[in-house]
Amino acid sequence: MNTMITPHTLDGSLAGNTRPLPSFPIRSNTAARTGTRKRHLLAAILASIAAMCLIAVLLFHGFVAWTLAYPFVPPLASNPKEAIGLDYEEIIIPSQSGKTTVSGWYIPTSAADHEDGANRTIVFSHGYGANREESWVPMYELTKLVHGLDYNVLLFDYGYASKEYKAPATGGREESAQLLAVVNYAKTRGAQEVVVWGFSMGAGTALQAALATDEIDAMILDSLFLPSPKALFDNLTRYVALPEFPSLPLLESMLNLWTGTSFDALPVDAIMNYQYDIPIYIVHGTKDDKAAQATAETIAANQLEPLSRSWIVENGYHELLYRKSPKEYIQRAALFLSQVEQKLESEAEYT
C-alpha cells in the first residue's frame, strides 16, 4: 500500500500552497480602553474650562454690580461750621419706607426769628458717588448762597453714601423714600415752602419723590440723570468695555440680587411723560457725557406750569454748571426761587 506524503516546507506550511493565509488587524482591549479614557479626559477638561469661564464671567459681573450698589464715597471732610461758618444740627431720621436711616445737617436760617424766614427750606439732593458735601458742585457755596437768602438748609446723605447707616444704591427707589423723610422733617420744623435742589441722580430721585407727594413746592434739577438699566450700562462702558449682551442682562440680574430692586421697575417712563404741577427748573450742559441732554429736554418740554423752565448751558459739563458760569447760575437760581416764593405767597392769600 502506497502512502502519499504531503511535503511540508521548513516553516511548516504546505508545499506548493503559495496563497498566504488571510491576516486581520488585531487591536488589544488595553489600547481601546486607553483611547476611550483619553476622550473622556479631554471632554472633562473642556467642560471644566467652560465652567471656569462661566464662573469667571458671573463673578466679574457680580463684582461690577456690587460696586454699583455700594459705590466708594469719601468720608465727610468737614461740616457747615468749619467750612462756611454756619451753625447746624445733626439729624438722624428713618426713611419713609422704614427700611433705612438718614443722617444729615439742618442749618436754620439766621432769620428764624422773623416770620418771612423760618418757613422756607431748601433740601439739597446730592448725586451718585458723592455725599452731602459734594465739593465739585459746590454744595457749601450754594448752601451759603441760599442761607443768605433766608432759607433753612437741609443737607443729608443717601444710604449708599452713609458710613453709619450704609444701604445699597437702588436707583431712586429707596432713595426717594429717604428724600421724602427729609422733606417731611423740614415740614416738622415749620417749613411751609420746601424746594428740592437736586444734582445728577439726586435730581432724578427728586422727580421720583415728587410723584409720591405734594409736600415739595418746587425743584431745581442740575444735570438730571434717570437711572434706567441702559443709562447705567452706558455710563459703565465709559470705564470698562463690555458687550451689551450678555453684560446688560447679567448686570440687571446681579443688581437685583444686591439691592433687592429691579431697575426695570423704576418709574423712568412715567417721569419722562409726567406733567408736574409744581415749578421745575432744569439746568443741563451740552457737553454732559453722563446724563443725556435729550432726557432733560423731553422732561422740560412736558412741563406746563408757568414758572417751569430750562437752561441749556453751552459747553457745560456734568454737575459743573455752577463752575462754568457762577454769576449767571446764581442769578438764574435766585430769580426762580423768588418767583416761586411770590407764587406761594399769592396762593396763600386766596386760601
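# Reading buried charges and nonpolar cores

Mentor: Let us start with Glu341, which is buried, with a relative accessible area of 19%. Please keep in mind throughout that we are reading a predicted model.

Trainee: Why does Glu341 count as buried at a relative accessible area of 19%?

Mentor: The word buried is used for a relative accessible area under 20%, and Glu341 has 19%, so Glu341 is buried.

Trainee: Which side chain does Glu341 meet in a salt bridge?

Mentor: The general idea is that side chains of opposite charge can pair when their charged atoms come close. In this structure the side chain of Glu341 meets that of Arg120 in a salt bridge, with 3.1 Å from N to O. Arg120 belongs to strand S3 and Glu341 to helix H11 (residues 326–349), so this pair ties together parts of the chain that are 221 residues apart in sequence. Arg120 is buried as well, at 6% relative accessibility.

Trainee: How many salt bridges are found in the whole structure?

Mentor: A search of the whole structure finds 11 salt bridges. Among them is the one between the side chains of Asp157 and Arg132, at 3.0 Å from N to O. Because Asp157 lies in strand S4 (residues 152–157) while Arg132 lies in the loop between S3 and H3, the two tie together parts that are 25 residues apart in sequence. Asp157 and Arg132 are both buried.

Another one joins the side chains of Asp217 and Lys187, at 4.0 Å from N to O. Here Asp217 is in the loop between helix H5 (201–210) and strand S6 (218–222), whereas Lys187 is in helix H4, 30 residues apart. Asp217 counts as buried at 15% relative accessibility, but Lys187, at 24%, counts as partly exposed. Lys187 and Asp217 also belong to a network of salt bridges that includes Glu215.

Trainee: Where is Glu134, and how far away is the nearest side chain of opposite charge?

Mentor: Glu134 sits in the loop between strand S3 (120–125) and helix H3 (139–148). Although Glu134 is buried, it has no salt bridge, and the nearest side chain of opposite charge, that of Lys290, is 8.8 Å away. If we leave aside its neighbours within four places in sequence, Glu134 is in contact with His126, Gly127, Met139, Phe199 and Glu319.

Trainee: How should I read a nonpolar core, and how many residues has the largest one here?

Mentor: In soluble globular proteins, nonpolar side chains tend to be buried together. The largest nonpolar core in this chain has 58 residues, and those with the most contacts inside it are Leu179, Leu207 and Met219. Helix H4 (residues 173–188) gives the largest share of this core, 7 residues. A second, separate core has 32 residues, including Trp105, Phe124, Leu337 and Val340. Returning to Leu207, and leaving aside neighbours within four places in sequence, its contacts include Met219, Leu221, Ile271 and Ile299.

Trainee: What do the totals for the chain look like?

Mentor: The chain has 11 helices and 8 strands, and 46% of its 351 residues count as buried. The chain exposes about 18,500 Å², of which carbon and sulfur atoms supply 58%.

Terms used:
Residues numbered from 1 in each chain as written. Predicted model: local features only at pLDDT ≥ 70, side-chain atom pairs only at ≥ 80, totals over all residues. Heavy atoms only, no water. Core = buried A, V, L, I, M, F, W, Y, C linked by side-chain atoms within 4.5 Å. Buried < 20%, exposed > 50% of the residue type's maximum accessible area, 1.4 Å probe, protein only. Helix = DSSP H or I, 4+ residues; strand = E, 2+ residues; numbered from the N terminus. Contact = heavy atoms within 4.5 Å. Lys, Arg positive; Asp, Glu negative; His and termini not counted. Areas by Shrake-Rupley, 256 points an atom, 1.4 Å probe, with all protein chains shown as cover.
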